Amino acid sequence: HLVANSETLNHFGIKGLTTAKQRQAVQHAIGRLFGMQKDTGGFGLWSDRSPEEYWLTVYVTDFLMQAHLAGYSLPRQGLERAITRVSEYLKGTAFIHSPYSSTGYDEYAFSIRSYAALVLSRTRVATLGSMRSLLKQDLHGVPGLSLVQLGLALNAQGDSRLGRRALRSGIDRLLEARTPSAQYGSRVRDLAMSLQLILGSQ
């Protein structure tokens, strides 16, 4: 709903909600999401009593930051706690572990931290040191989307040399047809999202 406003829907001939009802639906969703925020600042999958979901915490924070920029009403303290938690992911000060990851802890953590870098780079909260340290890890098996996200984050923070390097590696990896299994995605999703992110950064 942040993107699919009435003007966009009309352009493609899609009958949807009025702008007022769309905003009402988004505002309701924002309230529902904060009802799932944990004391850590992260988010549970079903409620605030669910285990913290790391990748989804970054995803939700991404949405909330975009909603804030779009003029929606958000509890300031809740948003700041979410951003702080995502910052801890990037810095490596928060323990990240997923029993659902079949690709291994390092790859799962890399995906979360690279996504966190991209989200935080939009508000200049991300630190170059934390992002550069990610590229020093063993990148074997790291999803291409994660490298694209990290490359764009590095570019946004002023390190175009490493940013281009990460982007090239990410695009090459996306074309290898490797399907990630622990980042809520598929090859089609990763290709589409990478293209959208790259075009949106121009």
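1. A residue is called buried when its relative accessible area is under 20%, exposed when that area is over 50%, and partly exposed in between (1.4 Å probe, protein chains only). In helix 4 the buried residues are G78, L79, A82, I83, R85, V86, S87, Y89 and L90. Helices here are DSSP runs (H or I, at least four residues), numbered from the N terminus.

2. This is a predicted model, in which local features need pLDDT of at least 70, side-chain atom pairs count only at pLDDT 80 or more, and totals for chains, interfaces and linings use all residues. Residues are numbered from 1 along each chain as its sequence is written, and side-chain values use heavy atoms, with hydrogens and water left out.

3. Helix 4 covers residues 76-91, which is 16 residues; at 1.5 Å a residue it should span 22 Å, and its end C-alpha atoms are 22 Å apart, which agrees. The expected span is 1.5 Å times one less than the number of residues. Just after helix 4, G92 has a positive phi of about 80 degrees.

4. Helix 7 (residues 144-156) and helix 8 (residues 160-174) have axes that come within 7 Å and cross at roughly 160 degrees. Helix 7 is therefore roughly antiparallel to helix 8 (angles over 145 degrees count as roughly antiparallel, under 35 as roughly parallel, 65 to 115 as roughly perpendicular and the rest as oblique). Axes are lines fitted to C-alpha atoms over the stretch in contact, with angles from 0 to 180 degrees between N-to-C directions.

5. Which residues of helix 7 meet helix 8? They are G144, L145, L147, V148, G151, L152, L154 and N155, and their partners in helix 8 include S160, L162, G163 and R164. Contact means heavy atoms within 4.5 Å.

6. The axes of helix 2 (residues 19-34) and helix 3 (residues 54-69) come within 11 Å and cross at roughly 140 degrees, so helix 2 is oblique to helix 3. V26, I30, L33 and F34 of helix 2 make the contact with V60, F63, L64 and A67 of helix 3. These residues divide into 8 nonpolar, no polar and no charged.

7. P51 lies in the loop between helix 2 and helix 3. With a relative accessible area of 65%, P51 is exposed. Not counting residues up to four places away in sequence, P51 touches K38, F43, G44 and L45.

Conventions:
Helix = DSSP H or I, 4+ residues; strand = E, 2+ residues; numbered from the N terminus. Nonpolar A, V, L, I, M, F, W, Y, C, P; charged D, E, K, R; others polar.
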